[in-house]
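Please keep the sequence and the structure in view while reading.

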Amino acid sequence: MYNPEDIVPTPVSEQELLDVEYPIMEHFYTIQGEGAHTGKAAYFIRTAGCDVGCWWCDVKESWDEEKHPRMSVKSLVDAVQKSGAEIVVITGGEPLLHNLDALSISLKNIGVQTHIETSGSSPISGMIDWVTLSPKRFKKPVDEIYPFVDELKVVVLTKKDLKWAEDHAEKCPSDARLLLQPEWETEKAIPLIVEYVKENPQWGISLQTHKYLNVP
Ligand code: SF4
């Protein structure tokens, strides 16, 4: 959990926070399909902009933030409130390209849990209840992020990703959830992960269940 109570630079009014804008590719209420919170209803806010560039990325249209409208925190918070969601997942793109103080504090003010899914390519910001680090080879996480990790989720394509996952796990808090997730279109990743988790039960498997459920 990341709670930067003394990091927010200067006290600002709730209204000033609500006026801040972010480039947003999409936002919608759905079911969390991945990781430790799989199966829970969650409102997803997908910020635009990514500096990582994974070749297998399934949201490449998020990369260029200029192609997406800017939305105020107020309009996002209103949409979340209207949905009745109790959890908001801020994802991307790479959400930490943006300072998340205004969005996350405003979400906190309406009493929802805020989760983030990040590659860790930029330092953390915001008031975040659950930090999922999904490191990518194309741009490694910054060291400052590891102490705040609640869940390490590593996408696996080949055997060498398993060693890479262990390298990241060593830097995370000892109580962080450790999850391996097969890349959706790489069939051989699943048997690889199954055998690995049987031999290394501190790890679990994360499946992209929203793709099986056919929800966004
Ligand atoms: S970090 Fe995420 S959004 Fe960015 S390229 Fe990789 S998978 Fe896509």
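## The ligand and its surroundings

In this predicted model, the residues surrounding the ligand are Cys-50, Val-52, Gly-53, Cys-54, Cys-57, Val-59, Trp-63 and Gly-93. Six residues of this shell are nonpolar and two are polar, while none is charged.

## Helix H5

Helix H5 spans residues 189-199, and its buried residues are Ala-189, Ile-193, Tyr-196 and Val-197. These buried residues line one face of H5, because they fall within an arc of 95° when seen down the helix axis. An α-helix has 3.6 residues a turn, so residues three or four places apart point the same way.

The face of H5 turned away from the buried side carries Lys-198 and Glu-199, which are exposed. The buried residues of H5 are covered by elements including strand S7 (151-156), helix H4 (160-169), strand S8 (177-182) and strand S9 (203-205).

## Helix H2

In helix H2, which comprises residues 73-83, Val-73, Leu-76, Val-77, Ala-79 and Val-80 are buried. They lie on the same side of H2, because they cover an arc of only 160° around the axis.

After H2 comes Gly-84, which has a positive phi, near 85°.

## The nonpolar cores

The largest nonpolar core contains 46 residues. Those with the most contacts inside this core are Ile-45, Val-88, Leu-103, Leu-107, Leu-152, Leu-180 and Trp-203. Helix H2 gives the most to the core, contributing five residues.

Which residues does Leu-103 touch, not counting residues up to four places away in sequence? Leu-103 touches Tyr-22, Ile-45, Val-73, Leu-76 and Ile-90. Another core, of five residues, lies apart from the largest one, and Phe-28, Phe-44, Ile-87 and Val-89 are among its members.

## The cysteines

The count of disulfides in the model is zero. Cys-50 counts as partly exposed, because its relative accessibility is 22%. Cys-172 is in no disulfide, and the nearest cysteine sulfur, that of Cys-54, is 17 Å away. Cys-172 is buried, with a relative accessible area of 10%.

Technical notes:
Residues numbered from 1 in each chain as written. Predicted model: local features only at pLDDT ≥ 70, side-chain atom pairs only at ≥ 80, totals over all residues. Heavy atoms only, no water. Near = heavy atom within 4 Å. Nonpolar A, V, L, I, M, F, W, Y, C, P; charged D, E, K, R; others polar. Buried < 20%, exposed > 50% of the residue type's maximum accessible area, 1.4 Å probe, protein only. Helix = DSSP H or I, 4+ residues; strand = E, 2+ residues; numbered from the N terminus. Arc of directions from axis to C-beta. Contact = heavy atoms within 4.5 Å. Core = buried A, V, L, I, M, F, W, Y, C linked by side-chain atoms within 4.5 Å. Disulfide = S-S within 2.5 Å.
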